[in-house]
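Grab a pencil and work through these exercises one at a time. Try each task before you read its solution.

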Amino acid sequence: MVDGLTVYVDDSGSDTKSKIAAAAFCVSTVERWQELLQKWRKIALNAGFDLKDFHMTEFVACRRGELCQQCQQGKEVNHSWNTWSDGKRKSVLTRMARAIVKNVEFGVGHAFTKADYDEHVLHSSARRVANEPIGDEYFTFAVQRCGGSLAEWRAAKDRVVPLKFVFDTASKREKKEIAKVFFGAANDRAQHVNGIEQWFNPEEGVSYESRKQVHQLLAADMLAWTVATMRAREMFEFKGRNLELYWVAKTWVPTRNIKLGYMQKDAFAKWENDKLNEAANRQSGVSEFRPDDGRTTEAGSGKENKEAEES
């Protein structure tokens, strides 16, 4: 691509036991993605692990003195980090995180509680009358939130260049919903409102890949895990180990190009109320006003980092 951007997309919270859903986008040029890979390969080689084996959830769950269930059950996994000291774990994670800051033009992660989404979106009458596509999957809504942030960034930075989207592997149902909800110009909506995209036209295509082969997806995986874990720690007062969260959050939160946030319950309630009012105005012939759907709180400025630092 000539001056194009590749967007790598991953999610967190797909496990039905998870109370939090999240997604993350990492955006950069092909050249800068290659620079990131070169740096990561050097880190992995020196540390003694393979990028195809890395996954943030597995890295955090498997460590010296506390093996993950896969290792406990004797499954054929290569979690070489389960013997590392905390010093080595911190060094590897922070260097990977810094490489993301250096080479990713824009990274964003959004998280929310599934219960709030169920109450105010999925099972709300507002969903039926909203003049915008709304999917059935938590992942789809999280992707839409990230898409809104990407559209605002592209407008602010004047980076309206060809896009390619690369998602982590997904089911046929998930792929169909992404195509319909995220990329579709549903309900004859204009593509741009006040200079900001309302939906995307991926000129360079859309693909679904495995992070075991396409390691750039690990950047989005790391962001999605971080913002989901931040929100879970805040909402459910988790008192367990927070070191890995603190290491990466401390690297990303102060930066200008990495944004982590979450949608609170009052923002969901505002979205629901706005959609119901818009529908009522359409029926009565009143001109439709489109207010902001609710402020997304920026994560990492308070309680989350304090808890992590104290652990």
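**Exercise 1.** Work out why helix 10 (residues 243-252) counts as largely enclosed.

*Solution.* Start with the terms: buried means under 20% relative accessible area, exposed over 50%, and partly exposed in between (1.4 Å probe, protein chains only). Helices (H or I, at least four residues) and strands (E, at least two) are DSSP runs, numbered from the N terminus. Next, check the residues: Glu244, Leu245, Tyr246, Trp247, Val248, Ala249, Thr251 and Trp252 are buried. That makes eight of the 10 residues, so the rest of the structure largely encloses helix 10.

A word on the model: it's predicted, so local features need pLDDT of at least 70 and side-chain atom pairs count only at pLDDT 80 or more, while totals for chains, interfaces and linings use all residues. Residues are numbered from 1 along each chain as its sequence is written, and side-chain values use heavy atoms, leaving out hydrogens and water.

**Exercise 2.** Find the strands that join strand 2.

*Solution.* Two strands pair if DSSP finds at least two bridges between them. On to strand 1 (residues 5-12): seven bridges join it to strand 2, and the two run antiparallel. Here Val7 has Val27 as its bridge partner. Then take strand 3 (residues 106-113): eight bridges join it to strand 2, again antiparallel. Across from His110 in strand 3 you'll find Ala23.

**Exercise 3.** Decide whether strand 2 (residues 20-28) is enclosed or open.

*Solution.* Look at one side: Ile20, Ala22, Ala24, Cys26 and Ser28 are buried. Nine of the nine residues are buried, so strand 2 is largely enclosed by the rest of the structure.
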